[in-house]
Amino acid sequence: MAGRSVIRQNKSDYYKEEVKYAMCKIGDIILIERYKDRGRTLRRHSFVVVDDKDGEIHGLPYDMVCNVFSSFKNEEQRKRKLNYPGNFPIANEDTHTQPDNGKSGYIKTDQLYFFNKNKIEYTVIGNIQPDILELVLEFIDTSDFEEEAIIDNL
Amino acid sequence: MSANLKPIKRLDMEKLKSRITKVISTEEALKDVEPMEWPEEVLSGKTKVIITRRK
């Protein structure tokens, strides 16, 4: 069902899963489970929330803006991807999971995904620490590369 | 006030929107994007992803 997010909490020996209306903030890492009524199924991608204020684009209201968080297929692709000016590298050592996923990646900051949280399903799976988030936001703010907008989920 | 409580400087979305030159579909945007693979523990909610200080 669209318009809901799944938020899971772990408290030592107590595991609670609850489904509630979307709540997330800047710096959260989310996994989009389902996009707006789309015939073809897209793979589950991770995104970083870079803005959580309401706004409007092309006459359409949004309440969340994200960048996709991607990994590399191989070393050659890693070199190629990191040549793009809009890709912000994230080393494996920067990412903490248990167990370690062993993957480096990048945040693709030259594409802005505008979302209406009521029209997608997502899970909050983690967050970026404030000091790194500040670097990412500063990188976006002070760069001058062109941006592409994705608004078909509004 | 602790440094951790320092408010995050938000993006100026109006300024950022002025840099938008093209609107593309989700499908097109994701076509060359390799999804990050997470351990089952992350997907099940038993542990979280945390991106921390770069080394």
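How many aromatic pairs does the structure hold over all chains? I looked this up in what is a predicted model. The count over all chains is eight aromatic pairs.

Entry: Phe47(A) and Phe115(A). I find these two rings paired edge-to-face, at 5.6 Å centre to centre and with 85° between the planes. Phe47(A) belongs to strand 4 (residues 46–51) of chain A and Phe115(A) to strand 10 (residues 105–115) of chain A, so the pair ties together parts 68 residues apart in sequence. I then looked up burial. Phe47(A) has a relative accessible area of 0% and is buried. Phe115(A) is buried as well, at 0% relative accessibility.

Entry: Tyr62(A) and Phe114(A). I note ring centres 4.8 Å apart and planes at 65°. I call the pair edge-to-face because that angle is over 60 degrees. Tyr62(A) is in strand 6 (residues 60–62) of chain A and Phe114(A) is in strand 10 of chain A, so I log a link between distant parts of the chain, 52 residues apart. Tyr62(A) counts as buried because its relative accessibility, 4%, is under 20%. For Phe114(A) I have a relative accessible area of 0%, which is also buried.

Entry: ring cluster. I find Phe47(A), Tyr113(A) and Phe115(A) linked into a cluster by ring pairs.

Technical notes
Residues are numbered from 1 along each chain as its sequence is written. Chains are lettered from A and ligands numbered from 1 in the order in which they are written. This is a predicted model: local features need pLDDT of at least 70, side-chain atom pairs count only at pLDDT 80 or more; totals for chains, interfaces and linings use all residues. Side-chain values use heavy atoms; hydrogens and water are left out. Rings of Phe, Tyr and Trp (its six-membered ring) pair if their centres lie within 6.5 Å; planes under 30 degrees apart count as stacked, over 60 as edge-to-face and the rest as tilted. Helices (H or I, at least four residues) and strands (E, at least two) are DSSP runs, numbered from the N terminus. Buried means under 20% relative accessible area, exposed over 50%, partly exposed in between (1.4 Å probe, protein chains only).
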